[in-house]
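Hello,

Here is the structure I promised to pass on to you.

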Amino acid sequence: MPLATRRPSLSRAAGLPLAVAAGVFLPLQGRINGALGAQLGDGIAAAVVSFTTGLLVIAAVGLVLPKGRTALRQVIPALRERRFPRLYALAGVIGALFVIAQVFTVDVLGVALFTVAVVTGQTVSGVMVDRMGIAPGGKRSVTAMRVLGSVLTVAAVAWAVSPRFSASSEPAALLAPVLLPVLAGLLMSFQQAMNGTATVQYGSPVAATFVNFAAGAVALWVLLLLKLAIAGPGHALPGEWWYYLGGPMGCVFIGLAALLVRSLGVLMTGLGMIAGQLLGSLALDVVLPAPGAVVALPTVLGTLLTLGAIILATLPWPKGALAGAGQGRRTVSKGR
């Protein structure tokens, strides 16, 4: 049986909590990478630091674990034999764009608003990618309940961050910086599907994560060298250790996403991670609030509604559930 069609190894009950846990890392990663960019005075340099540290961490993990070493040895043969489109090996460039979006916009938008921008793009593209069948599980049906859950997710997240717009003296000024994380979110689902397919062929998410970070690091180093040739170096690297946690957190996020899309599909994985992002954003704004952070009643209620929408989208509804409900209502109306 082809590797891409094997039965998923994780159930929803096991996979969704992992997706939520992975999503929690993103807001914290965004806060760290944004702070690093401000410290260096150079967003591209901050993205390079994040990706390079992540590459070193996942390379060490791959070399230490026997299964990781075996999977790393499969990378070149898989690409040479075209077991999947070679373009998938460049999924890390999408990750590089995501980190650039973090370092350039988190300080402007705040973690919560950055999250809603990413979530909006991610939710829309998750439906598209599942329908296109790019992920290793092949095409997945887009049911009415899943579409409804996705629409409610976007609406609820927008409600959750509405206090941030209200508190801003110039809310219109937030619209332009929002476009970059929206684009990053749109592409994120494609990245997860590509990494998921690569994971099946390599035999481990460790190898897919390594290739992801290698491609992203190369792209970012090229950008940094061009920037240095034009504008010169920025500030020196900070001495505080926590500035360098963004890359390892990205390893956890990308590795789990690559593992989960095979079992859950891109949309379900994305929705679970969205729940984690919202919970992480809310916790950060409560415990370690950034300037301009606003935690009001709509923030809490919007987060809870988002979780409800995700549950609605992930429950195993029977086919035609909405149509059946509508037909039942029409029958009752006729009988009156």
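Let's start with a pair of helices: H9 passes H10 in a right-handed crossing. Please keep in mind that this is a predicted model.

To describe two packed helices, we give the angle between their axes and the distance between the axes. For H9 and helix H10 (residues 246-287), the angle is about 125 degrees and the axes are 9 Å apart. That angle makes H9 oblique to H10. Which residues make the contact? From H9 they are Pro205, Thr209, Asn212 and Phe213, and they meet Gly247, Gly250, Cys251, Ile254, Gly255, Ala258 and Leu259 of H10. By class, the residues of this contact divide into six nonpolar, five polar and no charged.

H9 (residues 205-231) also packs against helix H2 (residues 43-64): their axes come within 8 Å and cross at roughly 150 degrees. Angles over 145 degrees count as roughly antiparallel, and H2 and H9 are therefore roughly antiparallel to each other. Their crossing is left-handed. In the contact of H2 with H9 you will find 18 nonpolar and seven polar residues, but no charged ones.

Now follow H2 to another partner, helix H5 (residues 91-109). Here the packing angle is about 130 degrees, with the axes 9 Å apart, and H2 and H5 are therefore oblique to each other. H2 passes H5 in a right-handed crossing. On the H2 side, the residues that meet H5 are Gly43, Ile44, Ala46, Ala47, Ser50 and Phe51. Facing them in H5 are Gly92, Gly95, Ala96, Val99, Ile100, Val103 and Phe104. Nine residues of this contact are nonpolar, four are polar and none is charged.

Finally, a look at H2 itself. How far does H2 reach from its first C-alpha to its last? The helix has 22 residues and spans 32 Å, close to the 32 Å expected at 1.5 Å a residue. Its N-terminal end is capped by Asp42, which has a side-chain oxygen 3.0 Å from the backbone nitrogen of Ile44. Ile44 is also one of the H2 residues in the contact with H5, a handy place to begin when you open the model.

Note on methods:
Residues numbered from 1 in each chain as written. Predicted model: local features only at pLDDT ≥ 70, side-chain atom pairs only at ≥ 80, totals over all residues. Heavy atoms only, no water. Axes fitted to C-alpha atoms, helices over the stretch in contact; angles between N-to-C directions. Helix = DSSP H or I, 4+ residues; strand = E, 2+ residues; numbered from the N terminus. Parallel < 35°, antiparallel > 145°, perpendicular 65-115°, else oblique. Left-handed = near helix turned anticlockwise from the far one by under 90°. Nonpolar A, V, L, I, M, F, W, Y, C, P; charged D, E, K, R; others polar. Contact = heavy atoms within 4.5 Å. Expected span 1.5 Å × (residues − 1). Polar contact = N/O pair within 3.5 Å; in protein donor to acceptor, adjacent residues only side chain to side chain.
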